[in-house]
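Subject: Structure handover

Hello,

Here is the structure we talked about passing on. Please open it alongside this note. My findings follow below.

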Amino acid sequence: MHSNWIDEEFPGVDYRITSEQDNYYNCIAWAAGYNDDWWSHDEDYRWIGERGPGIQNLVSLFNALGYAECNSDLPEAGYVKVALYAKEGNWTHAARQLENGRWTSKLGIYEDIEHAAPQDLCGGLYGQVHSVMRRQREG
């Protein structure tokens, strides 16, 4: 299943929709493994660490969750990875790698999608991948 707005925003990307629109959680929560709250540096939302729109604030949040920066977005046995996106120095998006090596993203208040690589979502909306981080997979 495809969506016209996703096809227009990310032309040529091979993706599949894995959930319907839901404004209860966002990409940061989803990348962190949660679907029960909206995570934002803005007051009144869940956040860990110093609040701010800068990409370093998002890196610090994932550090607090046990992630460390790494050099590759390729799958590694025993690890879960996240890709953090930035535009003009500010964070814009986060995606999480699935056990099958593909990636999952929550697109704002819209759908969750599964896609092949973090670079699939680079461009106008989210900017570029700033960093890839990993932590040991639980369980």
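Predicted model: local features only at pLDDT ≥ 70, side-chain atom pairs only at ≥ 80, totals over all residues.

Cysteine 27 takes part in no disulfide. Its nearest cysteine sulfur belongs to cysteine 122, 13 Å away.

Cysteine 122 is partly exposed, at a relative accessible area of 24%. The cut-off for buried is under 20%.

Next, the fold. The protein has three helices and seven strands. Read from the N terminus, the order is α-β-α-α-β-β-β-β-β-β.

Overall dimensions come next. The radius of gyration is 14 Å. A compact globule of 139 residues would come out near 14 Å, so the two agree. Along the principal axes, the C-alpha atoms fill a box of roughly 35 × 35 × 30 Å.

Now packing and surface. Of the 139 residues, 45% are buried. Take the contacts with a separation of 6 or more: 57% of them join residues 24 or more positions apart. The accessible surface is about 7,200 Å². Carbon and sulfur atoms account for 44% of that surface.

On charge, there are 11 positive and 22 negative side chains. The centres of the two sets lie 6 Å apart.

Where is it found? Isoleucine 28 sits in helix 2, which covers residues 27-32. Isoleucine 28 counts as buried because its relative accessibility is 0%, and the cut-off is under 20%.

What does isoleucine 28 touch, leaving aside residues up to four places away in sequence? The list is Trp39, Leu58, Leu61, Phe62, Trp91, His93 and Ala94. Isoleucine 28 and valine 82 are 54 residues apart in sequence, and their C-alpha atoms are 9.9 Å apart in space.

Best regards

Notes. Residues numbered from 1 in each chain as written. Heavy atoms only, no water. Disulfide = S-S within 2.5 Å. Buried < 20%, exposed > 50% of the residue type's maximum accessible area, 1.4 Å probe, protein only. Helix = DSSP H or I, 4+ residues; strand = E, 2+ residues; numbered from the N terminus. Rg over C-alpha atoms; globule rule 2.2 N^0.38 Å. Contact = heavy atoms within 4.5 Å. Areas by Shrake-Rupley, 256 points an atom, 1.4 Å probe, with all protein chains shown as cover. Lys, Arg positive; Asp, Glu negative; His and termini not counted. Charge placed at Lys NZ, Arg CZ, Asp CG, Glu CD.
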